[in-house]
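The following account leads the reader through a single protein chain, from its overall make-up to individual residues. Please keep the sequence and the model in view while reading.

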Amino acid sequence: MPEPEFITHLAVSLRPRPNLVKKVARMRVLLLEDDPMIGKGLSKALAAEGMPVDWVRDGADAAAALADGAHAIVLLDLGLPNADGLTLLKSARQSGFNAPVLIITARDTLDDRVSGLDLGADDYLVKPFELPELLARMRAVLRRHHGRAVSRVVSGETELDIETHELSHGDVVQVLPAREYALMLALMERPGRILSRAQIEERIYGWGEEVESNAIDVLIHSIRRKFGKDVIINVRGAGWISPKSRP
Ligand code: CA
């Protein structure tokens, strides 16, 4: 049953303005969509897949969020209040916006598809669509964007499959829950480099999400319990590392 509109409005108004958010994240998703049902549904579904969603419903805010450049991928509804999606896309690309953009829209005329792709969209999905198809297309555009032929991230002895969320380290192979997956991906995309608590939090939580002060420690503890202590190295006072080679 749909929730009353005011609840969705309230949830959105608690989030800080997009242009106040620092640039760090790469697996965060920017969802530009004014339909409350779709916005809410996608935010929930993608977060469950380990991709926190920043959801923007208005064209004016959308431009600011795009200019912020903090996201790994953008899902763009073409019909937004106060802005035309194609115009937004065009001006974002012209000002150097580089992340992949997947258009999700009810418009399915040939003209719109062609202009969307011409203006710099990476793919095009017509509503209504099924979640598995959206996820598959997101993975495909992200792979193309990062030039990955295979869907695995490797750091030293550790391998993470970005399609199945399966982590292997030594003899242990296990599928990670969403947050643990997002945390490992954040560390493994920068092998041998320290990520601070704040950097990890920015990578794995969406705007305005409540984060317990020990949330990252709890996730790391759980990952190390399953895969062994050396899967993540703690650098006292600085942060954590996914080791590039055997420590
Ligand atoms: Ca719309």
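The paragraphs below take up the chain as a whole, then its strands and core, and then particular loop residues.

The model is predicted. Its protein chain has a mean pLDDT of 83, and 86% of the residues reach 70 or more. The protein chain contains nine helices and 13 strands. Of its 247 residues, 34% are buried. Among contacts with a separation of 6 or more, 61% are between residues 24 or more positions apart.

Strand 1 (residues 29-32) and strand 2 run parallel and are joined by four bridges. One of the residues involved is L31, whose bridge partner in strand 2 is W55. With helix 2 (residues 36-48), the two strands make a right-handed β-α-β unit. In a regular strand, side chains alternate between the two faces of the sheet.

The largest nonpolar core comes next. This core has 57 residues, and L32, L76, M184, L185 and L187 touch the most other members. Helix 7 (residues 178-188) gives the largest share, eight residues. The surroundings of L76 can be followed in detail: leaving aside residues up to four places away in sequence, L76 touches L32, G85, L89, V101, I103 and I104.

Is P100 buried or exposed? P100 counts as buried because 22 C-beta neighbours lie inside 10 Å, and the cut-off for burial is 20 or more. Apart from residues up to four places away in sequence, the contacts of P100 are I73, D122, V141, L142 and H145. With I73, the separation is 27 residues in sequence but 5.1 Å in space, C-alpha to C-alpha.

Most residues other than glycine have a negative phi, and most peptide bonds are trans. What kind of peptide bond joins K127 and P128? The bond is cis, with omega about -5°. P128 belongs to the loop between strand 7 (123-126) and helix 6 (131-146).

N82, although not a glycine, has a phi of about 70°. Its loop connects strand 4 (79-80) and strand 5 (83-84). N82 is exposed, because 12 other C-beta atoms lie within 10 Å and the limit for an exposed residue is 12 or fewer. At H165, also a residue other than glycine, phi is near 65°. H165 is located in the loop between strand 9 (158-161) and strand 10 (166-169). With 19 other C-beta atoms within 10 Å, H165 is partly exposed.

Terms used
Residues numbered from 1 in each chain as written. Predicted model: local features only at pLDDT ≥ 70, side-chain atom pairs only at ≥ 80, totals over all residues. Contact = placed C-beta atoms within 7 Å. Core = buried A, V, L, I, M, F, W, Y, C linked by C-beta atoms within 7 Å. Pairing = 2+ DSSP bridges. Right-handed = clockwise from strand over helix to strand, strands pointing away. pLDDT = per-residue confidence, 0-100.
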